[in-house]
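Here is a walk through the model, taken one contact surface at a time. Keep the viewer open while you read.

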Amino acid sequence: MIDLLLLFFLVVCALAAISIKDLLSCTIMLGAYSLVMAVVWMRLNAVDVAFTEASVGAGMSGILMIAALSRTKRGEAGGKNKRMFDFRNTLIFLVVVVTCGILIYGTMDMPDFGDKDAPAQTHVAKRYVEKGYEETAERNMVSAVLAGYRGYDTLGETTVIFTAGIAVILLLRRRKRR
Amino acid sequence: MIEFVLGKYNYWIHILLMMIGFYAMIAKQNLIKKIIGMNIFQTAIFLFYISVGKIDGGTAPILWEGGGPYDNPLTHTLMLTGIVVSVSTTAVALAIVIKIYKAYGTIEEDELLEIIAAEVSEDGSSKI
Amino acid sequence: MKEHIVIRTVSRGLIPFIQLFALYVVAHGDLSPGGGFQGGVIFGASVILYVLAFGMPEGRKRISEKMSDILTSTGVLIFAGIGVMCLFAGGAFLEYNALAIWSDHPEYAKHHASHLGIYGIEIGVGITVAAVMITIFFETAGHYDD
């Protein structure tokens, strides 16, 4: 019951974040969306991911957007004669509905939610759960997989965030005048 | 039929969230609205993936004595990487938006296209 | 200036605890939810709180450009360096069990070597993520006079 209520909040926050004209309010709705998403992940027992989303999504993303908004315009332009149902928006809506239909058709074959014998739970994840502690000495299985079994991916991820820092420096830092 | 719907309706709500983000990425004219739509899309994909890894009656994947069946830690790990990549992409996208505003004075897509088309037809090169 | 006095006083008292909590989250990555990324982001957020409360020039005096650039690279260097150390110790890249040959009783130390290797990696990730968050905030929020 509470899960349905949280999912309803999510849909409402997402719809509000893309419709409001004032961009600062959109940023705050995006922060609320990230927070409710973190609570939903707590309900699904994903504690590490909820921790990261609460700090990164609701914290860092929000403040970066506010910093970017302070250097550009705060309001979205109303548009000269844009209406809600002109040709371009209707075409895009049809494309989105077709994509939604294809994806829902794709979920028809999936196992039920919470199924114990789903293929996702029985191949390599079973080995990570059973032998994680004796091979990597980490009780937190997410850390065992992240830094032990898949340490190379974590090196790639650290390089990605390092590259993002370098890209922002190259784009925005002013060179000192000699 | 009814247990078919009960077993899968949460996937459909996640797909609805993805489509909200997808629509915002394509249809909105403001560049920052597009970035907000990208964030909503990415977070909904993480939600879909994590809900694949949940087991009925499972607990958080931390080893402790007497713990029952554990949830799948592999899905959590992959989505953790995804969140970090998402914030990196957002940061670089916002830096590019700031540069576009400095160069052209507007961040609406249709006005940008008009300005760039006018410049290209003048002298064949752009202003950046 | 009078309206800033509440924010400044509270920040001055609270920032050390936030940074201590960030180090706690990094260090307890193997027992509780947490790890390198979460702790690094919390540490970056504490520096951002300092800049928001006291102003950008004051914040730049605490962490200069050169320091944050050096710290960004140091974390990745620590991560890759531990991997290469495992190569020198005879194992594969990032195989922490091989680091046990440098202890006194190699056949009993594999568990401990893996533990220490993962600690080193989390510290490296934490340093990089904190420095990158600080750098991105300073670059996107500064330079008002353009």
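## Where chain A meets chain C

Chain A puts 35 residues in contact with 37 residues of chain C, where contact means that two C-beta atoms, placed from the backbone, lie within 7 Å. On the chain A side, H3, H7 and H8 each supply at least two residues; helices (H or I, at least four residues) and strands (E, at least two) are DSSP runs, numbered from the N terminus. That side divides into 19 nonpolar, 11 polar and 5 charged residues. Here Ala, Val, Leu, Ile, Met, Phe, Trp, Tyr, Cys and Pro count as nonpolar, Asp, Glu, Lys and Arg as charged, and the others, Gly among them, as polar.

A word on the ground rules: this is a predicted model, so local features need pLDDT of at least 70 and side-chain atom pairs count only at pLDDT 80 or more, while totals for chains, interfaces and linings use all residues. Residues are numbered from 1 along each chain as its sequence is written, and chains are lettered from A and ligands numbered from 1 in the order in which they are written.

## Where chain A meets chain B

Which residues touch the most other members of the largest nonpolar core? They are Ala17(A) and Ile40(B), in a core of 113 residues. A core of this kind is a set of buried Ala, Val, Leu, Ile, Met, Phe, Trp, Tyr and Cys residues joined through C-beta atoms within 7 Å. Buried means that 20 or more other C-beta atoms lie within 10 Å of a residue's own, exposed means 12 or fewer, and partly exposed is in between, with C-beta atoms placed from the backbone. The largest share of the core, 16 residues, comes from helix H5 (residues 110–141) of chain C. Domain 1 (1–78) and domain 2 (122–178) of chain A both give residues to this core, so the core lies between them.

Those domain bounds come from an automatic or database domain assignment, and the centres of the two domains of chain A are 24 Å apart, taken over C-alpha atoms. Leaving aside residues up to four places away in sequence, Ala17(A) touches Cys26(A), Met29(A), Leu30(A) and Tyr33(A), plus Ile36(B) and Ile40(B) from the other chain.

## H2 of chain A and what follows

H2(A) has 21 residues, which at 1.5 Å a residue should span 30 Å; its end C-alpha atoms are 30 Å apart, so the two agree. The expected span is 1.5 Å times one less than the number of residues. Its buried residues include Cys26(A), Met29(A), Leu30(A) and Tyr33(A). The buried residues of H2(A) pack against H1 and H3 of chain A, together with helix H2 (31–52) of chain B.

After H2(A) comes Asn45(A), in the loop between H2 and H3 of chain A. Asn45(A) has a positive phi of about 65° although it is not a glycine, and it counts as buried because it has 21 C-beta neighbours inside 10 Å. Ala137(A) sits in the loop between H6 and H7 of chain A, with a positive phi of about 60°. Ala137(A) counts as buried too, with 21 C-beta neighbours inside 10 Å. For background, most residues other than glycine have a negative phi.

## Chains B and C on their own

Chain B has 4 helices and 0 strands. The C-alpha atoms of chain B fill a box of roughly 75 × 40 × 20 Å along the principal axes, and 45% of its 128 residues count as buried.

Chain C has 5 helices and 0 strands. For its 146 residues a compact globule would have a radius of gyration near 15 Å, but chain C has 19 Å. Its C-alpha box is roughly 65 × 30 × 20 Å along the principal axes, and 42% of the residues of chain C count as buried.

How values were computed
The radius of gyration is taken over C-alpha atoms; the globule rule is 2.2 Å times the number of residues to the power 0.38.
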